[in-house]
Amino acid sequence: DIPFADAKRAIAIVGNELADDIPWEMEEAIFDHALLPAPVNKVLAAVVRSADVRTLLDRLEAKGIDPRALAVAPVSYAALVRRIDPTGTVLVVDLGHQRTNVALVEAGRTLAARTLSRAGHQLTEEFRRTYQLPYAEAEELKEAEAVLVLEEELGDDHAGYAGATARAMAPLLREIRFTHGLFGTRLGTKVDRVLLCGGTSL
């Protein structure tokens, strides 16, 4: 059990728990956590390889950028959701290019998050395979024509694009549904709305 009243002991316990679940040594990693007290009584933790953070900071420094803080994306969604729905329960689905973040935000705080390794890249790959295009051209076609609706609702010119979109997105949609159910089972929450964001959502 996590001693929520003892922050120092909590840090040590969270570190030990993470050590059993990550594919690196803890000496190679940076982690942070947030204690979610009653009635949740959970710990929200994030861990990343130190080398990956160093690479990111080096790239930013090369462009003259000196960040004051390093935020975990799902945690930062809470500030956005507070402006939209400060009291409700919102499932944030951030569709990027390489990954999709799914976060549950309730009453302005992130309670749970999961990162999925499917996103816009898989959609581009489906367009590339279907239409035998170079990757860059497939990316342009995706941005212009990708649509997630029933094929019979479209004319012949666009039905093929809808089919390619559906094939690429089906595994991701299954993972999002599973994640939604997982959060509900573990936390006993009911989502009031879904907030879709990120470049691939456009």
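Student: Which residues of α4 are buried?
Tutor: This is a predicted model, in which local features require pLDDT of at least 70, side-chain atom pairs count only at pLDDT 80 or more, and totals for chains, interfaces and linings use all residues. Numbering starts from 1 along each chain as its sequence is written, and side-chain values use heavy atoms, with hydrogens and water left out. Helices (H or I, at least four residues) and strands (E, at least two) are DSSP runs, numbered from the N terminus. If buried means under 20% relative accessible area, with exposed over 50% and partly exposed in between (1.4 Å probe, protein chains only), the buried residues in α4 are G120, Q122, L123, T124, E125, E126 and F127.

Student: What distance does α4 reach from its first C-alpha to its last?
Tutor: The helix α4 has twelve residues. The expected span of a helix is 1.5 Å times one less than its number of residues.

Student: How many bridges pair β4 with β5?
Tutor: Two strands pair if DSSP finds at least two bridges between them. The strands β4 and β5 form a hairpin with two residues between them, and A107 in the turn has a positive phi of about 50°. The pairing is antiparallel, and its bridges number seven.

Student: Which strands stand at the edges of the open sheet?
Tutor: The four strands of the sheet follow the order β5-β4-β3-β6, with mixed pairing. Each edge strand has a single partner, so one side of it is left without a neighbour in the sheet; these strands are β5 and β6.

Student: What angle does the direction of α3 make with that of β4?
Tutor: Helix α3 (residues 73-84) packs on the sheet and touches β3, β4, β5 and β6, where contact means heavy atoms within 4.5 Å. Axes are lines fitted to C-alpha atoms, for helices over the stretch in contact, and angles run from 0 to 180 degrees between N-to-C directions. The angle between α3 and β4 is about 50°.
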